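Biologist: I would like to learn how to read a model of this kind, feature by feature. Please give me the general idea each time, then the case at hand.

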Amino acid sequence: MKPNWLSLVLLLMSGATWAQPGELSGADLTENTKVMNPLEVMKAVEGQWLAFSVPALADTRSPCCWMGKWNGMGEVGCSLETAHQSYGTRSDSPLAENLVVFSRIHDGKVSDLRVIGESCPVDAGGAAVTWIGNVGNTAGLDWLENTARSDRNNSGGSALMAMAMHRSPEAGQRLYSLAKEKRSDVAKGAIFWLGENRGEQGLSMLKQLLAELPRGDRRREINFALAQNNTPEAAQLLFEISKADPDAEQRGQAMFWLAQEYPQQAQAWLLELIATEQDEDVLEQAVFAVSQLPKGNGDKILLDLAKNAQASRTVRRQAIFWLAQSDNESGVDALTALLTR
């Protein structure tokens with residue numbers, strides 16, 4: 001998983017049922033660990049928080065809540081009764097074996113959701129919490145999928161995240177099905193999490209979706225999902241999309257993500273694409289992608305493109321434009337050299 005702002009993850013502890021859900025404090029706690037299906041206790045916990053655990057994928061980092069900015073240590077800990085700030089995982093978060101799911105039940109449905117690691121302190125603020133312990137894979141995934149579909153108060157996004165972190169391969173199959181749902185927000189989230197967290201399984205399913213989904217915004221979400229995937233094949237598939245996909249807009253967007261996530265490979269690939277692409281709009285996207293290469297690495301390429309008499313007018317014009325926008329000294333120097341030669 002790539003350690004960026006888009007990287008949110010989940011966890012808990014495996015094995016025998018725990019005495020309480022992780023580092024929970026300040027709760028009016030009730031244990032009902034004979035229950036294996038969260039749906040069986042929904043009516044009984046009306047107006048309360050329901051807590052249970054599901055197994056996490058290997059190498060999952062424990063999610064928690066953070067005060068302040070992600071690049072500062074901040075204070076760690078979540079609250080059930082007050083809003084939290086930054087939420088998710090960091091590269092230094094402890095590894096997790098399971099996820100703890102806290103859900104507030106209102107009118108028989110989930111009105112709020114937290115997915116938190118056992119090492120993350122959780123302040124219940126005096127709220128009533130019913131803990132049912134570990135639940136079966138199918139029962140837990142049924143519950144999470146239903147929550148993702150209902151999506152009350154943005155709980156669906158956290159439910160999709162929990163599904164993506166679930167250890168069972170069935171979780172990936174369910175995300176694949178949700179990626180083809182009519183609701184665009186659910187489908188978009190499912191596509192993202194297939195790339196972000198399901199590794200080889202996710203890559204295989206993104207390939208299937210690329211072949212099955214009709215041309216349009218939802219299919220183009222696959223580009224971003226591939227950019228988040230941690231398999232070597234993801235970059236190659238992005239390059240293939242940028243080179244030959246029938247959707248010109250999808251080709252252009254793929255070039256951008258190549259530059260963002262795979263800059264070393266992207267330099268040669270983008271030059272190859274610029275040399276062969278015929279669509280002017282896509283060519284503009286390709287030159288823009290070159291300008292996004294990190295540390296000013298694109299400035300020399302832009303200068304070469306601007307000076308290349310064999311390049312199309314579109315390419316040369318866009319290269320000059322993006323050199324003028326550069327914040328790097330190398331870009332300014334390159335543009336000055338071009339204008340004064």
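Biologist: Is Thr314 buried or exposed?

Modeller: Buried means under 20% relative accessible area, exposed over 50%, and partly exposed in between, with a 1.4 Å probe and protein chains only. Thr314 counts as buried because its relative accessibility is 4%. Thr314 is found in helix α12, residues 313-325; helices are DSSP runs of H or I with at least four residues, strands are runs of E with at least two, and both are numbered from the N terminus.

Biologist: What should I know about the model before going on?

Modeller: This is a predicted model, in which local features need pLDDT of at least 70 and side-chain atom pairs count only at pLDDT 80 or more, while totals for chains, interfaces and linings use all residues. Residues are numbered from 1 along each chain as its sequence is written, and side-chain values use heavy atoms, with hydrogens and water left out.

Biologist: Which residues is Thr314 in contact with, leaving aside its neighbours within four places in sequence?

Modeller: Contact means heavy atoms within 4.5 Å. With those neighbours left aside, Thr314 is in contact with Glu280, Leu283 and Glu284. Met205 can be read the same way: it is found in helix α5, residues 199-212, and is buried, with a relative accessible area of 4%. Beyond four places in sequence, Met205 is in contact with Gly172, Gln173, Tyr176 and Leu194. Gly172 is 33 residues from Met205 along the chain, and their C-alpha atoms are separated by 8.3 Å.

Biologist: What do burial and contacts come to for the protein chain?

Modeller: Of its 341 residues, 52% count as buried. Among contacts between residues at least 6 apart in sequence, 73% join residues at least 24 apart. The secondary structure comes to 13 helices and 10 strands.

Biologist: How do I read two packed helices?

Modeller: Two packed helices are described by the angle between their axes and the distance between the axes. Here the axes are lines fitted to C-alpha atoms, for helices over the stretch in contact, and angles run from 0 to 180 degrees between N-to-C directions. Take helix α7 (residues 232-244) and helix α8 (residues 248-261): their axes come within 7 Å and cross at roughly 145°. Residues of α7 that meet α8 include Leu238, Phe239 and Ile241, and on the α8 side Met255, Trp257 and Leu258 are among them. The residues of this contact divide into 9 nonpolar, 2 polar and 2 charged; Ala, Val, Leu, Ile, Met, Phe, Trp, Tyr, Cys and Pro count as nonpolar, Asp, Glu, Lys and Arg as charged, and the others, Gly among them, as polar.

Biologist: How many aromatic pairs does a search of the whole structure find?

Modeller: The search finds 9. Rings of Phe, Tyr and Trp (its six-membered ring) pair if their centres lie within 6.5 Å; planes under 30 degrees apart count as stacked, over 60 as edge-to-face and the rest as tilted. The rings of Phe52 and Trp143 have centres 5.1 Å apart and planes at 85°, so this pair is edge-to-face. This pair links distant parts of the chain, 91 residues apart: Phe52 is in strand β3 (residues 49-61) and Trp143 in helix α1 (residues 137-150). Phe52 counts as buried at 0% relative accessibility, and Trp143 does at 2%.

Modeller: For Phe224 and Trp257, the ring centres are 4.7 Å apart and the planes at 40°, so the pair is tilted. Phe224 lies in helix α6 (residues 217-228) and Trp257 in helix α8, 33 residues apart. Both belong to one aromatic cluster, which also includes Phe192, Trp193 and Phe256.

Biologist: How do I read strand pairing?

Modeller: Strands of a sheet pair through backbone hydrogen bonds, either parallel or antiparallel. Two strands count as paired if DSSP finds at least two bridges between them. Strand β7 (residues 95-106) and β8 pair in the antiparallel sense over 7 bridges, and Val100 stands opposite Ile116 in β8. Strand β8 (residues 109-116) has 7 of its 8 residues buried.

Biologist: What do β7 and β8 form, and which residue in the turn has a positive phi?

Modeller: They form a hairpin with 2 residues between them, and Asp107 in the turn has a positive phi of about 55°. Asp107 counts as exposed, at 56% relative accessibility.
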